[in-house]
Amino acid sequence: MEGVRVRESVRGQGIGEKLFEHAIACAKAKGCHLIQLTSDKARPEAIRFYEKLGFKATHEGLKLALK
């Protein structure tokens, strides 16, 4: 999953949770065995949100900016 955002003005209303619950249910219904996502380490609140949904941090990601 990539690029998932909830508008800041409506965060905390359960929209993101419902969105992910629906996406997870759809994935299970289609026989998927894994949902993978990334989140910026500078956004600990997002990481806590994903962990609350059951996601586990299992990998480290790396980037090299070529500007």
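1. Helices (H or I, at least four residues) and strands (E, at least two) are DSSP runs, numbered from the N terminus. With that in hand, the chain turns out to have 2 helices and 0 strands. A57 sits in the segment after helix 2.

2. Before going further, a word on the model. It is a predicted one, in which local features need pLDDT of at least 70 and side-chain atom pairs count only at pLDDT 80 or more, while totals for chains, interfaces and linings use all residues. Residues are numbered from 1 along each chain as its sequence is written, and side-chain values use heavy atoms, with hydrogens and water left out.

3. Now for the overall picture. Along the principal axes, the C-alpha atoms of the chain fill a box of roughly 40 × 35 × 20 Å. Of the 67 residues in the chain, 10% are buried; buried means under 20% relative accessible area, exposed means over 50%, and partly exposed lies in between (1.4 Å probe, protein chains only). Take the contacts (heavy atoms within 4.5 Å) between residues at least 6 apart in sequence: 40% of them join residues at least 24 apart.

4. Let us return to A57. Is A57 buried or exposed? A57 is exposed, with a relative accessible area of 73%. The C-alpha atom of A57 is 9.2 Å from that of T38, and the two residues are 19 apart along the chain.

5. The aromatic rings deserve a look. Rings of Phe, Tyr and Trp (its six-membered ring) pair if their centres lie within 6.5 Å; planes under 30 degrees apart count as stacked, over 60 as edge-to-face and the rest as tilted. The whole structure holds 5 aromatic pairs. One of them joins F49 and Y50 edge-to-face, at 5.5 Å centre to centre and with 65 degrees between the planes. F49 is partly exposed at 26% relative accessible area, whereas Y50 is buried at 12%. F49 and Y50 also belong to one aromatic cluster with F20 and F55.

6. How many disulfides are there? The count is 0, where a disulfide is a pair of cysteine sulfur atoms within 2.5 Å.

7. Next, the largest pocket. On a 1 Å grid over the protein atoms alone, a pocket is an open set of points where a 1.4 Å probe fits, with protein on both sides within 12 Å along at least five of seven lines; lining residues have an atom within 4 Å of a point. The largest pocket is lined by 28 residues, and L37, T38, S39, D40 and H59 lie nearest its centre. Helix 2 (residues 44-52) supplies the largest share of this lining, 3 residues.

8. Finally, the second largest pocket. Its lining has 17 residues, of which V6, R11, G16, A46 and F49 lie nearest the centre. Helix 1 (15-29) and helix 2 are the elements that give two or more residues to this lining, and helix 2 gives the most, with 5 residues. F49, seen above in the pair with Y50, is thus also one of the residues nearest the centre of this pocket.
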